[in-house]
Amino acid sequence: MKIPFKWSTHTVLILLLISILSVILTGNLEGNKEEKSKHGKTVYAGRKTITYVKDADISFETNRNWTRFFKDNRQGLRSEMEKMNVSFLLIDDTWQNFLELYISDSSDAPVAFTNPDNTAPENYELIGRETITIGDYTFEKEITSYSEDVHRDYSLYTKYTTVIGDKHLFFNCYYYDVEAFDTESQLKSLDNNMLPVLKSISEGNATAGVKEVKKSFSDLAKTFSFSIWILILPLGYILLCGMKIKDDDYVPSAKDLRMLERGEIDESEIYGAWQKEPLGLKQSKALLGFFAVLIVMHHLVQTIGAENASIFKVLENFGVCFVGAFFFYSGYGLMKSTVKKEGYLKGFFKKRFPTILIPFYLCTFIFLIVDVCMGKRYSIGEWAGYLTGWILRNTHMWYIVEIAFIYLAFYICMRCIKNRKLATVCIFAFLTALTVGSLLLCHGNYWFQGEWWYNSTLLFFFGILIAQNEEKVLDFFKKHYIAMLVFCVAGFGVFTYTNGYMLANHGYWTESATSAGYADKFLTLGPQLTMTFFFVLLLILISLKCRFENRALDFLGKISLELYLIHNLFIMHFDELSGIGIYIVCVLACSIVSAALLHNVVSFLLRKINKRPRPPKKDMRPVIKAYVSKKCDECRRSLCFIRKNPKRAKQIIFRNCICILLCAAALYPICIMFINSTRTSYSMIHRGFTLIPEGHFLENYNNVMVGESYSLCPLPLAMIYSLIVALSSGTLAVYFGSMCAYGFEMFRFCGKKHLWNFVIAAMMFSQISTSVGFFKLTLNLGLLNTLVPLIIPAIATPSTAYFMRMYLKMIPLQSIVESARIDGCSELGIFHRMILPAIKPALCLQFIFTFTAAWNNGFMHSLILIMPEVRTIATLFEGPPPRGSSGSPEMYVFMILFTLPTLIVYVLFSKSIVSRIVLGSVKE
């Protein structure tokens, strides 16, 4: 059984280093700027905030705690604002009072933000019109109200129209709520909020010359953001680490055979082509734990907007697949337990319902306590509704309500109907009725009102079918594995595309006061349900070959339900973190920690209910005591050494301090290179040294890619040429240098000593001294402006041959080679099968040296590659800077691109450099 990704401290450190560098390159501390926009600017001056709207050439003051968006913002509202042609959007701290600014050359006033077709909505009531003077300007004011019973939207609008300069400005101020309100009192509140903004309007840019007030460190930390694609590294490692892949051609390792002898694993774990229990409890819990994390990411993507989610935007419409997997494994597990465990249904309620209802009510109670602490007050009816679960305080808790009904239906059908097939049909009928009934109810705040209640429910029935016919289904999948895999991948891809199209053009939210939009709902449900079905089929096929197993997945599997229920608490209350990266990391971290604590409480209550003893915990006291004792002994020995050898101790301390300083000095230029690549030219000139990334790496990278200095040879093509030269040179130099060293070390021939002296003498000649003759030879052979002259000479690299021979002298290989010759192995066979594996560390080290030398050899590259269409990155680096002076941020980006391949080669081969050689004994 192959394990392609094993736990390794070396791998973790590499992933950590990549993550840190990625955060530096993509990190951005917004500072005092709330939104970077080409349409305006916001500055903070004391307690007031001055906003300048460039398109209208006006400025006004707003509350510092309110949120401002220009139409090119990055906070998830850009597409909606562009669709409605809103130039500026202001939202108060309660997110119920809004101000929209429309700019037009005509006097035709647009309607509300929520009406893209520019038509007056139904249930639209005109309350009054008047002409008023606010500050220095005269406004036409129109007061309207709007209510929509299906969506339960209630809004009150005050629209102000005026002319400033040559622009008609329309300020659409409105209050939005999901409950009916008193119009008169709410109108006063809306005016009190928005009229001060209109009174402060002035022409021109009032932000010019205003000294901004510095924010505190905590305020700055809330704005720190970075590209969230970096989270793929830990998520991918958590999923793949320890993954075991079945392969009938797998040759077991010595470790596998030792574990087999000790009885830790059986033969089926090593040999064979299929997993033993592909849908077993351990496998399903591991997958569901990982899916719970992806569901949290799905809800985060919906919160921050797909356009801000980087590569994770694909999760926006995939939450239904992960929830469908929960339904599938629930149905499969229930049916499997009913079939295998005799009398399972007798204690069904005691076994199943507490495990879902206790987390449900605990999370509800936590949400309500937090609301009370935040100052919210509820009526007695609301308290009763929340505490009973009739009203869901957390909308993500719908899953518990629905699964409880499904459990009840399963129990009734299986308990009351003796015919198993008929009972299964009845469960299918119930799930179908539940799906259709929920679809007909349309959206609302109560149970079964929303597409999330029904768009994956039928996967529970599919799990029951698989459990009843598991042996036949799995045998069929094994027999036609490749065909089924291709079919499922193709089906999943097709219906994923279809689902995206249906959501964009039909969707679940097309109901209105005159039409419930049932046709659109059914058209969307079909592809979405089929996509989820193919997703589950792919899970089964993957589980037949792969087993996901590690401590992280086991932990996530235990807390998956609690994680699903609690994470919305942090999504709602961490909205002050405007930095997307820090927001997502904080939500994930707090959700996982809270879910673990909640799981411990739930486990304690379940033990009390079921009267089960507490499982014995591993006594860690001896381990801790031994560790403390070991450290104390080390400290005592160190102190004793210092007392007895004070001079030697001072030398060691001084040496270590020098090494630390040298290490810091070596890392400092690299750190500065990465930091400066994220800055702007203005920042580098006026702000000087800083260790804070500024988030302009992608902008600088794009500038480098379109640089005029290498327009004839694009930078990606130059890097490809350099990689071809460096990889080929490194491979040839290492291979033939090792062969040369092997020949000198293992063979005896006439003139061997003189020939070796010639090899050593060749090391003394520099490339510059032979460059004229080499250029003339290349010219005569017609190889100028080709890569061949830069690659072929690497075959004769005397330094590599010298180093490899010195390495071979330290290894007692003579007896092994002679034994191989006696057994009839050819010299090439001995070299390839025995020598090369034995000198792997030396090979890796020499490959790093030769790759780096070939990559950086700008002199020889410039000598041979004269035409600008065929250049390597080393020749570009030796030429003029890509843009501006050498201090420009683009230059630092160019330096990163130049040094990155050598760093990657070092990281890939560094582990093998320090690896030890273990040779078996030779039988005489």
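In H8, Leu 288, Gly 289, Ala 292, Val 293, Ile 295, Val 296, His 299, Leu 300 and Thr 303 meet Ser 560, Leu 563, Tyr 564, His 567 and Ile 571 of H19; contact here means heavy atoms within 4.5 Å. Helices (H or I, at least four residues) and strands (E, at least two) are DSSP runs, numbered from the N terminus. The model is a predicted one, in which local features need pLDDT of at least 70 and side-chain atom pairs count only at pLDDT 80 or more, while totals for chains, interfaces and linings use all residues. Residues are numbered from 1 along each chain as its sequence is written, and side-chain values use heavy atoms, with hydrogens and water left out.

The axes of H8 and H19 cross at roughly 20° and come within 9 Å; axes are lines fitted to C-alpha atoms, for helices over the stretch in contact, and angles run from 0 to 180 degrees between N-to-C directions. H8 is therefore roughly parallel to H19 (under 35 degrees counts as roughly parallel, over 145 as roughly antiparallel, 65 to 115 as roughly perpendicular and the rest as oblique).

On the H10 side the contact is made by Thr 355, Ile 356, Pro 359, Phe 360, Cys 363, Ile 366, Phe 367, Val 370 and Asp 371, and on the H19 side by Leu 561, Glu 562, Leu 565, Ile 566, Asn 568, Leu 569, Met 572 and His 573.

Back at H8 (residues 281-304), there is another partner, H9 (residues 319-340), packed at an angle of about 150° with the axes 9 Å apart. That angle makes H8 roughly antiparallel to H9. H8 passes H9 in a left-handed crossing. H8 brings Ser 284, Leu 287, Leu 288, Phe 291, Ala 292, Leu 294, Ile 295 and His 298 to the contact, while H9 brings Gly 319, Phe 322, Val 323, Ala 325, Phe 326 and Tyr 329.

Aromatic rings come next. The structure holds 57 aromatic pairs, where rings of Phe, Tyr and Trp (its six-membered ring) pair if their centres lie within 6.5 Å, and planes under 30 degrees apart count as stacked, over 60 as edge-to-face and the rest as tilted. In one of these, Phe 448 and Trp 453 have ring centres 4.8 Å apart and planes at 50°, so the pair is tilted. Phe 448 and Trp 453 are both buried, that is, under 20% relative accessible area, with exposed meaning over 50% and partly exposed in between (1.4 Å probe, protein chains only). Another tilted pair is Trp 855 with Phe 898, whose ring centres are 6.2 Å apart and whose planes lie at 45°. This pair links distant parts of the chain, with Trp 855 in H32 (residues 840-856) and Phe 898 in H35, 43 residues apart. Trp 855 is buried at a relative accessible area of 0%, and Phe 898 is buried at 10%.

One aromatic cluster takes in Phe 326, Phe 327, Trp 390, Trp 398, Tyr 399, Phe 405, Trp 447, Phe 448, Trp 453 and Tyr 564.

Ser 910 and His 10 are 900 residues apart in sequence, yet 9.9 Å apart in space, C-alpha to C-alpha.

Note on methods:
Left-handed = near helix turned anticlockwise from the far one by under 90°.
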